[in-house]
Amino acid sequence: MTTSTGDAGRQASKPPMSNLSLADRAYHIRRHALRMGEVQGQGYIAQALGIADVLAVSYFHAMNYRPEDPEWEERDRFLLSIGHYAIALYAALIEAGIIPEDELKSYGSDDSRLPMSGMAAYTPGMEITGGSLGHGLGLAVGFCLGLKRKQSNSFVYCLFSDGELGEGSVWEAAWSASHWKLDNLIGIIDVNNQQADGPASEVTGFEPLAARFESFGWHVQRVDGNDIDALVEAFDAARNSTEPKPRIVICDTKMAKGVPFLEERERNHFLRVEPHEWQKALELLDAGRTA
Amino acid sequence: MRRSKYTRPAWLGEQGEGGQGTADKPRLTTSAMIASLAGADQRTKPAPFGNALSALAETRPEVIGLTADLAKYTDLHVFAKAHPDRFYQMGMAEQLLISAAAGMAREGFMPFATTYAVFAARRAYDFICMAIAEENLNVKIVCALPGLTTGYGPSHQATEDIAIFRGMPNITIVDPCDAHEIEQVVPAIAAHQGPVYMRLLRGNVPLVLDEYGYTFELGKAKMLRDGNDVLIISSGLMTMRALETAKALSDDNVDVGVLHVPTIKPLDEATILKETSRTGRMAVVAENHTIVGGLGEAVAGLLMRSGVFPTAFRQVALPDEFLDAGALPTLHDRYGISTKAMTDSIKGWL
């Protein structure tokens, strides 16, 4: 790929057009995630609910792929650095038709293809093994360099998180991506301000995030990660920019978005939800959709 | 309180003008990082890895080279010059080096990633483990300064690299002896699908094994000479020391065989068991590595599990310590891995 990225000349191979709106897709992703969460009674539900809009826009607006052929050479790659967000990505992959919906019943269970932390060997559509945080962006640099060697037009999307920014390897990769002018890289940071030990802004304050990536030579946008229109605009701008730079879309998201009683929980990095509350969560999600 | 085990060198004498020093000057004053291991009259070949990789790349278009600011010191500069469009300078960032190599392997390339053994084994371990080994990716990690091959002290001495990598599933570990072998290892590990950790001797590398009609085969241990009294089982540069030791001990009518084990993992168990089962021989495992977790313990575990007990079992290996800085010949004597020290050790054990 040259410095001109954009969609011109890219082979369109999106999943069949559907009448479902991106909001519908996001709703379905949340619903799949809640149903998986119910299997275990606990998990990274809040992250999944928070990032659902970003995944909906990624998988149903921005990315090229073939559900029946997850290894299709010309696909855009989606790298999940934050392995514990697997529940969210599984939900998106189910919605995209890459994983059969009935498999969500196996989430985190023995012999499942859907382990709690995402691994490439287990799941169709899972490009990398995440979970040891700070790996995704460096891997993305390698994917992007490899794609450029092959003169491919594919993009590499890499989802990582605010808490993960504490890993020095993220910054090694951020520096390198800019050095190599990786205009086929679209980084996505989920800023939900919640990590294992508390608010990310308190654990090790990560702001000013946009300025930091700008200073590393990136094309930077920051959007409300739960605003689908804003996300569409940002992903379009990231793909269509002609700047010879890696792109980052910083997404401020709300943990547990769409299920008010979970949104309100103070420490929701790893949620425990009582058996009777799952139905309530689904009902509230449905109510929010029709509201 | 910080306490140093080091004091002012005795040969300097008293501090100040009155100090006369002693007649006993240190015999060597250099600890140059890239000092050649070759003896003064030893035959050598320059940059066998860099030249072999350049040649391999002629027929394998998927081969690429990456380094973390150590092209010159891993002989990758030879490849970079021959194939500039296939060389990636990743800067002084080993975590990135490994991650990027993994990403390029996922896109179908065969990355040879080079750095020093300490940086791969210590700094980049998690990345090699999760990004490369867990996915069984086709990345070759080639590292200079294995074991005690620099006088810079523990920051550069990878005395525990084999122990570290032996614990990692999927990875193949190769510890070649000389230039002749390195040239053969490069195409052999390229022909193997999967991750490889290779210990590298660089610069003007001694040439020894060509005289023994030796050919490298991945996963195979080979007898270089037979002997009835002692069997030295060795890898890497210790095999050339073992051959010299065997010659020295033959003057004392001690008959020493040498079994070269360049592939540490997976171990050629059949050959090792066959040779150690022969009665009447002491087994000595010699390695340029700490006594903890290397070839010696790998062989010991194999023998115990298999119920094979040689006449005696001994190890020539580095002590479980942070080693001194200094000149390599001095350090090899001090820590028992020079030919003389090894010869003396074996004599003492007989």
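Let me start with size. Chain A has 291 residues, and a compact globule of that length would have a radius of gyration near 19 Å; the value for chain A is 18 Å, so the two agree. Its C-alpha trace spans about 55 × 45 × 40 Å along the principal axes.

Bear in mind that this is a predicted model. For the complex, the predictor reports a pTM of 0.94 and an ipTM of 0.93. Chain B has a mean pLDDT of 94, with 94% of its residues at 70 or more.

Back to chain A, and its make-up. Its secondary structure consists of 10 helices and 7 strands. Of the 291 residues in chain A, 52% are buried. Then the contacts: taking those between residues at least 6 apart in sequence, 76% link residues at least 24 apart.

Now the helix, α2 of chain A, which runs over residues 45–62. How far does it reach from its first C-alpha to its last? The answer is 24 Å for 18 residues, close to the 26 Å expected at 1.5 Å a residue. There is also a kink in α2(A): about 50 degrees, centred on Ile51(A).

Next, its surroundings. How many of the 18 residues of α2(A) are buried? The count is 17, so the helix is largely enclosed by the rest of the structure. As a reminder on helix geometry, an α-helix has 3.6 residues a turn, so residues three or four places apart point the same way.

That is what I have; I'll take comments now.

How values were computed
Residues are numbered from 1 along each chain as its sequence is written. Chains are lettered from A and ligands numbered from 1 in the order in which they are written. This is a predicted model: local features need pLDDT of at least 70, side-chain atom pairs count only at pLDDT 80 or more; totals for chains, interfaces and linings use all residues. Helices (H or I, at least four residues) and strands (E, at least two) are DSSP runs, numbered from the N terminus. The expected span of a helix is 1.5 Å times one less than its number of residues. The bend at a residue is the angle between axes fitted to the seven residues ending there and the seven starting there. A residue is buried if 20 or more other C-beta atoms lie within 10 Å of its own, exposed if 12 or fewer, and partly exposed in between; C-beta atoms are placed from the backbone. The radius of gyration is taken over C-alpha atoms; the globule rule is 2.2 Å times the number of residues to the power 0.38. Two residues are in contact if their C-beta atoms, placed from the backbone, lie within 7 Å. pLDDT is the predictor's confidence in each residue, from 0 to 100.
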